[in-house]
Structures are given as C-alpha cells and as structure tokens.
Amino acid sequence: MLLRVRSPDGNFRFELPPTADISELLAKILDTAPNADVSTLTISNQPRGNEANLSSLKARSLESLGLKHTDLVFVNYKTKDISASSSSSALTNISAGAAATEPTRIWEMVKEDPVDVHWRDKDGKIKRGRDARFCTHAANGMCDYCMPLEPYDAVHHKAQAIKHLSYHAYLKKITPKQTASATSSLPPLTPLSYKVKVPCPSGHPSWPAGICTSCQPSAITLQSQPFRMVDHLEIASTDVIERFLHAWRSTGSQRFGWLIGRYEPYDIVPMGIKAVVEAIYEPPQEGDLDGLTLGLPWEEEPRIRAVSASASTPLTVVGYIFTDLTPTEEDRSKIVYKRHPGSFYMSSLEAIFAATMQKAYPTPSKSSPTGQFASRLVTAILTATEDGQVDVAAYQVSEQACAMVEADMIEPSVDPSIVRVKEEDRTQDSARYVPDVFFTYKNEYGLEVKKTAKPAFPVEYLMVNVTHGFPQSPSPLFQSAKFAIENRPGLEDQRVENVISALARLDAPNIGDSRLAKPGEAHKRRELATWLSDWHLVAFLDTTQLFSPDDVKLMMRIVTSPTLLDDLSQLDPLLATEGWNTLMTFTRESASAAQPSSSSRQDDEIPQDILDQIAAEEAASAGAGGTSSGIKICPHCTFENAHSGTDCEVCGLPLS
C-alpha cells in the first residue's frame, strides 16, 4: 500500500506491504531526515495532537495500527543535539558534518572570465546625443529623447539590425532590482534540463519503473533564443585562415582545427563579447573529400591549453573550425555553393556535434545556481559564397539544443536540414523519455501556427547566428605563420632538423645579449624575433623536451608581447635559458658538420658549359706550353690528338 508522510523535511510517499513492521517505515523516514533524533520521533494521524513515539510501537505492523492505502500520517522530531557529545573529537567531526550539510552558494565562489568581470562593473547604458528636434532643455539637461537607453532596448536593437541580445544585456533584463527580499539576491539564470528527475521527489520508483508530473520534463516549444553568448568572431589575421586552407588546397581533403584565442568586449553590440582568434591547432585527423574522422576527446588538450594560457594575453580554446569545400566540375578554381537559404546553413549532424561540444565546455557564471551556464564555444565553417569564393560562417546552437542532446532526444537525419526526434524507450539500460515537442511558424496567411516536432523539425530552430570578420588594422599576437603545422603528415613535417637549419640561416648562435650587441645586428635580432613569434613553432618546441615547461612559458610570453619588435631587448631572458643554449649548441655542431661539403656543393651549382670552358682554357694553356710526347689537346672538345696534323680528329676544328 501507499503511505503519505508529511514531516519537517517535506512530503514523501512510501510503498510498503500492510504486514510490514513499523521499523521499515521508520527506516524510510530516517532516510529523508538524516539529522533526526530517533528517540524524539513521533507519528500521528493529525497535524497536531494524538502523537505517539515510534520507539513505543516496535513489533507492530502497519495494518495493526489501522493504517490503510493512501493514508496521510504526520511525523515530527527534534534534531540531534551535538552539544551532548562528551568527546571533543566527536564534537569536531559532527561540527564538520553539520557545516558540510549547510547549503553553499556555489555561484559566489565562481571565477568568471575577465570579459565577464569587465561587463559586471558597467551599467551598459546606450548613450544618446541631444535631439535637435525635441530636446528643448539646456546643454547640461536631459529628457526622454536623449537619456541613455537600457542595453536591452528593443527599438535600438531593431534599428541597428541586432538579432540577439548580448549575454550581459540579457542578464540586465532578467535580473530583478535589488530589494530587501532574499529572492532578489538569487541567480536569475536557470540551466535547462529535459531529463527525468532521478530520484523523484514524490518517492515512487525511478524512471523507467515509474513517472509522474513531479519528475517528468514539461512539453518543449522550440523558439529562437533571445540572447547569444558570443556576438562576434574576429580572425586576428588573414594568414591564420590562409595557412589553414593550404592543406585543403594541396590535398582536397577536409580539415578540422581548434580556434585558439581570447574573449574581448565588443562595442558594436551593447555589452557585447567577441572571440578573437590568434591561431588554429589541428589535431590528428583523417580527411576525406566529403568529410573527416576526428578522435575525441583530443589527448593534447591539456598541453595546448597550458601553453596558450602562458601568452602575454592568456589564450584559450574559443571554438573550432572545419572546411566544407567542393570544387565545381566546370572550373576547379570555384567552389560549389551548397549552403544557402534553399538548402541549409548548418546540417543536423553539425548542430548536434556543436551541442555536444558546447555542453562539454560550459561558461563559469555567477548568475547561475550551478556556477555554470551555456557555452562560448563558436562553430566556424569555411564554405562557399554565391560567387564561388571561400568565406567564413559562424554559429552557435541554443541552450534548448544542448538540453535535448543531453537528454538523448534528437539525432541527425539523412536530410541535412532536418533534425529527427527519437522515439521513447523504456528499457532499463537505455531508458529515454521524450516529452511533447512543438515548434511555431507563420503559414501562408501570416498566422502563427504551432506544429508538433515529431518525427522531425528544421535545424534552424536550434541555431544562433554569430557575425564574423577581420580587423581593419590587424595587430596579431604572433608575427609569423610560416612554420610547419602539426599533424599534416606528408604535407608539412615538424622536425628539429628544420628548426636548426632555420636558426643557422638566421645566424642565431651569434645573437646574444642586446647589451653586448655590435652595431648593425639589429636586423638579425628582428628577423629572429619575428621567426620565433609563431604559435605552431612554440607548441612544437614544447614537445621536443629541449625546453623545460618554465622555459616554454617564458618563450610564449615573450614572443606574444605586443611591443616585441619595438623593444628587441625582451628576447634577452629567452636567450639566457638553458634550453636555448642547448639548441644553439646543436645548431653550431650542425653548421660545422656541413662546412666541409660546402665547396663540393658550390661545384655542383656551376653550369656545365662554364666547366667546359674552364677545361678548354686549361687545355689551351697546356698545348701552348707543348708536351714531350707530341700529344696536342683540342681547345674546343679537349680531345688528345696524337698525330701531327693541324685539325682535331674528333671535332675537325683547328688545334691552334
């Protein structure tokens, strides 16, 4: 039978047989009340009065106590008194346990990104100038026509063609004004979850054995997300994209890479955030003409994050990029225009992959009760424009998409523009509950129509657009992008020998402390600094074990300095490290070993006709001097003529 229990900890439901002992009910009550003092626990059929101590009802069955199916009983107790403990050690342990059970405000201990700290200190108001038509006040006055607007003002966003609110503008909109009420200090954001609550608060067997309105997710109505975590994707330099495209242009296989960069304020959007990409790391992969195979999670992630974080401006993984390029059959220099309004912008497979990645990289937030909310991971796609050129498209997926993927509710379809909703599954090992899913659209009459999303719905309902572009005045952290890129076997190889030969050409062993530099060596030092300021070079040197981890961090910090080329003395700490001296030793030994063969290489570079001319001149000079054997050497073909004639036996030309 089902018994309903109301206690200081809440309402609960327990399933017990009528013949069960009262001790079984006591055990279930104690599971919900760990701090209850058993000796003071009472039970009654009324809210107040008629209480009976449970310890006095031992060996009594529920049926003998008159309890029936769906009866409601009231339980009360006193909490354990920790001061009654005589042992000081026991008192310490109990105090520690009590402190651990106190509710902690997780969001207050979160360390947010620097860009979030920046915007939290700002009000984000949109300043407006004086309106010449309506403002009649003095110069230092203000009215409704010129007063600053809130960062979430709908009229301003529509006028500026801004489709989504920025993350912090959205926070300003939903955060209540500070009052004396305790609820005003609670985080305003609530992470979405479409999973069944396990265990259920009402006490019935967990899904798939049972489900009720308390533990099942509500029906889902897909809608455009009002905000976006990143408003703009900025590529610091065109060389970053060109070097990434080089692999596709050379092999025709699609490529994938992780975007290494940072987040900065974006003033074009009120309280906006942009992701600035400084480099692209390419993990091990197998590219095909129409796709690629990627291993996840990628093993090098901790090392790449540690190296990137050592830059003068700390860098991190801000997204990922992949190519989807197919040359046209008529003109191989043109690309097939496959992503457009008539087909799709982002396939269902790509959207589900983006949701999986965004769920794996949440954003720390003080505005969420869990300390995390959404993700700033951007999806960038290199695809074709309408005129057959290559362009970047940037997107994110909504929080609804992430929650549906987490609940295992959707899957990709053969049609890239369609997302399939999975069927409900009640098997124990792969249980899946799928609530009703709807989406709205405008029909041919302009009316808003709600339609069920089962079995499929358009992928556009999961997408969030992100603008992209290049800076007008590029100032990238890395000054070079010429070093070989990792994980391109057969196309570009990263080897220590290549590093040593490049350092030898730059005369690096002879470049020392700037205070001891000779006049005229500044250009060598500048060339070395430019060559070293390459993300792929620093990441490769980190794998050679020539440099210690501290030396690699120092190198990354120096080569990413914004003033490196203006103040070349910043290289001095790097040139004094043990790892650099070891590398210079290898460079000197390599140069000395190659020195003896330099003359032979010079001979190989002399054209054959010049060598023939030299031999003819030597033969002529020898012939002019005469020989005791009477042999005459032809000055034209160098044949040795034994006769006493005047012409050569081979070429027929005169011997003198």
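Mentor: Let's start with one aromatic cluster, formed by Phe-256, Trp-258, Tyr-281, Trp-298, Tyr-320, Phe-322, Phe-353, Tyr-361 and Trp-535. Keep in mind that you're looking at a predicted model. Across the whole structure, a search turns up 18 aromatic pairs. One of them is Trp-258 with Trp-298, and that pair is stacked, with 5.0 Å from centre to centre and 15° between the planes. Those two values are how one describes any pair of aromatic rings: the distance of the centres and the angle of the planes. This pair counts as stacked because its 15° falls under the 30 degrees used as the cut-off.

Now see where the two partners come from. Trp-258 belongs to strand S10 (residues 256-266), while Trp-298 is in the loop between strand S13 (292-294) and helix H7 (301-309). They're 40 residues apart, so the pair links distant parts of the chain. Trp-258 and Trp-298 are both buried, too.

To see one of the joins, look at S18 (residues 390-397) and S24 (residues 463-469), which pair in the antiparallel sense over four bridges. Within that join, Gln-396 has Val-464 in S24 as its bridge partner.

Arg-376 lies over the face of Tyr-263, 5.8 Å from the ring centre. Likewise, the charged end of Lys-450 is placed over the ring of Phe-438, at 5.7 Å from its centre.

Finally, a word on the nonpolar cores. The largest has 82 residues, and Phe-457 and Leu-528 are the ones that touch the most other members. Leaving out residues up to four places away in sequence, Leu-528 touches Leu-503, Leu-506, Ala-508, Ile-511, Leu-575 and Trp-580. There's also a second, separate core of 28 residues, with Val-230, Ile-335, Ala-394 and Val-466 among them.

Note on methods:
Residues are numbered from 1 along each chain as its sequence is written. This is a predicted model: local features need pLDDT of at least 70, side-chain atom pairs count only at pLDDT 80 or more; totals for chains, interfaces and linings use all residues. Side-chain values use heavy atoms; hydrogens and water are left out. Two strands pair if DSSP finds at least two bridges between them. Helices (H or I, at least four residues) and strands (E, at least two) are DSSP runs, numbered from the N terminus. A nonpolar core is a set of buried Ala, Val, Leu, Ile, Met, Phe, Trp, Tyr and Cys residues joined through side-chain atoms within 4.5 Å. Buried means under 20% relative accessible area, exposed over 50%, partly exposed in between (1.4 Å probe, protein chains only). Contact means heavy atoms within 4.5 Å. Rings of Phe, Tyr and Trp (its six-membered ring) pair if their centres lie within 6.5 Å; planes under 30 degrees apart count as stacked, over 60 as edge-to-face and the rest as tilted. A charge sits over a ring if NZ of Lys or CZ of Arg is within 6 Å of the ring centre and within 35 degrees of the ring normal.
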